[in-house]
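Thanks for coming, everyone. I have one structure to walk through today. Let me put it on the screen.

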Amino acid sequence: MTDVLTAQTRTPRADLYPTRGAAEVTTPRQDPVVWSAPGAPGPIEPAELMGFERDGFLTVDQLITPEEVSLYRAELDRLVSDPGVRADERSIIEPKSQDVRSVFEVHRISELFARLVRDPRVVGRARQILGSDVYVHQSRINVKPGFGASGFYWHSDFETWHAEDGLPNMRTVSVSIALTENYDTNGGLMIMPGSHKEFLGCAGETPKDNYKRSLQMQDAGIPSDEVLTRMADRHGIRLFTGKAGSATWFDCNAMHGSGDNITPYARSNVFIVFNSVENTAVEPFAAPVCRPEFIGARDFTPVG
């Protein structure tokens with residue numbers, strides 16, 4: 001990382017989205033959802049882009065082919081069965097089963113997943129939504145095996161990335177690419193459509209080394225039951241299903257989560273977070289130190 005980028009992380013920035021204070025605070029979104037100019041070229045059709053602006057998500061029935069799915073599934077299986085990968089700090093282990101739950105920074109561990117990040121079908125959509133070159137803020141494979149893999153509680157990713165990684169603005173988009181079929185029973189992704197238009201600042205300070213616990217079970221940065229109920233009543237909840245090879249793109253501030261998987265059928269996916277090169281991380285807004293780079297990147301090199 002260059003000296004310029006290191007200096008950039010230390011530049012003070014106004015906090016547009018206060019969080020982790022004494023009480024929950026709602027702030028209207030201060031940033032666009034779609035950053036590219038109307039009619040800008042890209043793989044997303046105008047009507048789809050309007051839907052993303054409105055709802056905060058976009059689904060693609062087949063982003064990668066069945067043959068590609070087989071390659072990525074085999075690579076996922078190889079990684080999670082490798083003792084060296086399991087012992088790496090970038091691997092998160094299920095507390096109960098002791099199975100691998102996630103492997104972070106997978107585009108640096110695996111050349112195959114690195115090629116997926118650079119694939120025009122993937123990075124092209126990110127550039128179109130964010131209106132700029134992009135870099136990978138985070139990547140991981142999520143392994144949600146059957147018979148008890150735990151879910152991810154309701155949260156806005158941006159709340160954590162702002163509070164603990166120092167992303168100043170909502171100029172970040174995620175894609176979840178299914179490597180197994182997503183049924184309506186095996187712990188699929190749920191999103192509240194339209195919830196990305198307001199930022200919910202959560203109550204409570206960030207514990208020291210919060211990431212070590214939050215990657216297994218999140219405590220800090222989650223909304224109260226009362227607020228979640230109001231949001232669900234207002235926005236509804238959409239559950240995403242689809243064949244292996246399908247993908248869901250969603251805005252960084254969309255309220256989302258997933259349930260436990262108690263079926264016999266695994267739900268595994270590759271998850272890539274693209275951030276604009278014009279929105280690089282500064283000091284955390286509500287945490288004592290930055291999270292490790294394998295969770296929140298400080299290398300802002302654009303995807304080639």
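Which residues do ring pairs link into a cluster? They are Tyr17, Phe158 and Phe199. Keep in mind that this is a predicted model.

Let's stay with the rings. The count of aromatic pairs comes to ten. One of them joins Tyr183 and Tyr265. Their centres are 5.6 Å apart, with 55° between the planes, and that makes the pair tilted. Now look at where the two partners sit. Tyr183 is in the loop between strand E7 (172-178) and strand E8 (189-191). Tyr265 is in the loop between E12 and strand E13 (267-276). So the pair ties together parts that are 82 residues apart in sequence. Tyr183 is partly exposed, at 32% relative accessible area. Tyr265 is partly exposed too, at 48%.

One more ring. Phe152 has the charged end of Arg101 over it, 4.0 Å from the ring centre.

Next, the cores. The largest nonpolar core has 41 residues. Which members touch the most others? Leu116, Val122, Ile177, Trp249, Ile272 and Phe274. Helix H7, residues 120-130, gives the most to this core: five residues. There is also a second, separate core, with 19 residues. Among them are Phe158, Ala254, Ala281 and Phe300.

On to helix H10, residues 225-235. Val227, Leu228 and Met231 are buried there. Viewed down the helix axis, the buried residues of H10 fall within an arc of 100°, so they line one face. The other side carries Asp225, Glu226, Arg230 and Asp233, and those are exposed. What covers the buried residues? The cover includes three strands: E6 (152-156), E9 (198-201) and E12 (255-258). Just after the helix, Gly236 takes a positive phi of about 75°.

Two of those strands, E6 and E12, turn up again in an open sheet of four strands. Its order is E6-E12-E8-E10, and the pairing is antiparallel. Which strands stand at the edges? E6 and E10 (238-239) do. Each has a single partner strand, so one side of each is left without a neighbour in the sheet. Further in, E8 and E12 pair over three bridges, in the antiparallel sense.

Technical notes
Residues are numbered from 1 along each chain as its sequence is written. This is a predicted model: local features need pLDDT of at least 70, side-chain atom pairs count only at pLDDT 80 or more; totals for chains, interfaces and linings use all residues. Side-chain values use heavy atoms; hydrogens and water are left out. Buried means under 20% relative accessible area, exposed over 50%, partly exposed in between (1.4 Å probe, protein chains only). Helices (H or I, at least four residues) and strands (E, at least two) are DSSP runs, numbered from the N terminus. The arc is that of the directions from the helix axis to the C-beta atoms. Contact means heavy atoms within 4.5 Å. A nonpolar core is a set of buried Ala, Val, Leu, Ile, Met, Phe, Trp, Tyr and Cys residues joined through side-chain atoms within 4.5 Å. Rings of Phe, Tyr and Trp (its six-membered ring) pair if their centres lie within 6.5 Å; planes under 30 degrees apart count as stacked, over 60 as edge-to-face and the rest as tilted. A charge sits over a ring if NZ of Lys or CZ of Arg is within 6 Å of the ring centre and within 35 degrees of the ring normal. Two strands pair if DSSP finds at least two bridges between them.
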